[in-house]
Amino acid sequence: MNCNKATVLMSAAIDGELTGKEAEELSEHLAECPECRTEFQEAKNTKIIIRERIVRVKAPKNLVESIVRMTNVTT
Ligand SMILES: [Zn+2]
């Protein structure tokens, strides 16, 4: 599993939506990835879905803008 997938699973875990297999995969990743472990701990503490923050930080600007545009269309 890579960190992006782990982050998605972390969000689901916080929402209580993980399957048993996903929870297992996530804990395996957390065991070997200190960065995600820190993120997950922080997310559990704050109940903030970190995926959105990570997308904002890492996504190219034009992607962010197109997401914003899509959001504007649907709202
Ligand atoms: Zn990771």
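Is the crossing of α1 and α3 left-handed or right-handed? The crossing of these two helices is right-handed; a crossing is left-handed if the near helix is turned anticlockwise from the far one by less than a right angle, and right-handed if clockwise.

Before you click further, two notes. Residues are numbered from 1 along each chain as its sequence is written. This is a predicted model, where local features need pLDDT of at least 70, side-chain atom pairs count only at pLDDT 80 or more, and totals for chains, interfaces and linings use all residues.

**Stop 1: the whole chain.** Switch to cartoon view and you'll find five helices and zero strands, in the order α-α-α-α-α. Here helices (H or I, at least four residues) and strands (E, at least two) are DSSP runs, numbered from the N terminus. Of the 75 residues, 15% are buried. Buried means 20 or more other C-beta atoms lie within 10 Å of the residue's own, exposed means 12 or fewer, and partly exposed is in between, with C-beta atoms placed from the backbone.

**Stop 2: α1 and α3.** Select residues 3-14 for α1 and 34-46 for α3: their axes come within 10 Å and cross at roughly 20 degrees. That makes α1 roughly parallel to α3. Axes are lines fitted to C-alpha atoms, for helices over the stretch in contact, and angles run from 0 to 180 degrees between N-to-C directions. Under 35 degrees counts as roughly parallel, over 145 as roughly antiparallel, 65 to 115 as roughly perpendicular and the rest as oblique.

Now show C3, A6, M10 and I14 in α1, which meet E35, C36, E39, F40, A43 and K44 in α3. Contact means that two C-beta atoms, placed from the backbone, lie within 7 Å.

Click E35 in helix α3. E35 counts as exposed because it has 10 C-beta neighbours inside 10 Å.

**Stop 3: α1 and α2.** How do the axes of α1 and α2 cross? They come within 10 Å, at roughly 125 degrees. The two helices are therefore oblique to each other, and their crossing is left-handed. Pick out A6, L9, M10, A12 and A13 of α1 with E22, A23, E25, L26 and H29 of α2, which make the contact.

**Stop 4: the core.** Finish by selecting A6, L9, M10, L26, L30, C36, F40 and A43, the eight residues of the largest nonpolar core. Such a core is a set of buried Ala, Val, Leu, Ile, Met, Phe, Trp, Tyr and Cys residues joined through C-beta atoms within 7 Å. At least two of its residues come from each of α1, α2 (20-32) and α3.
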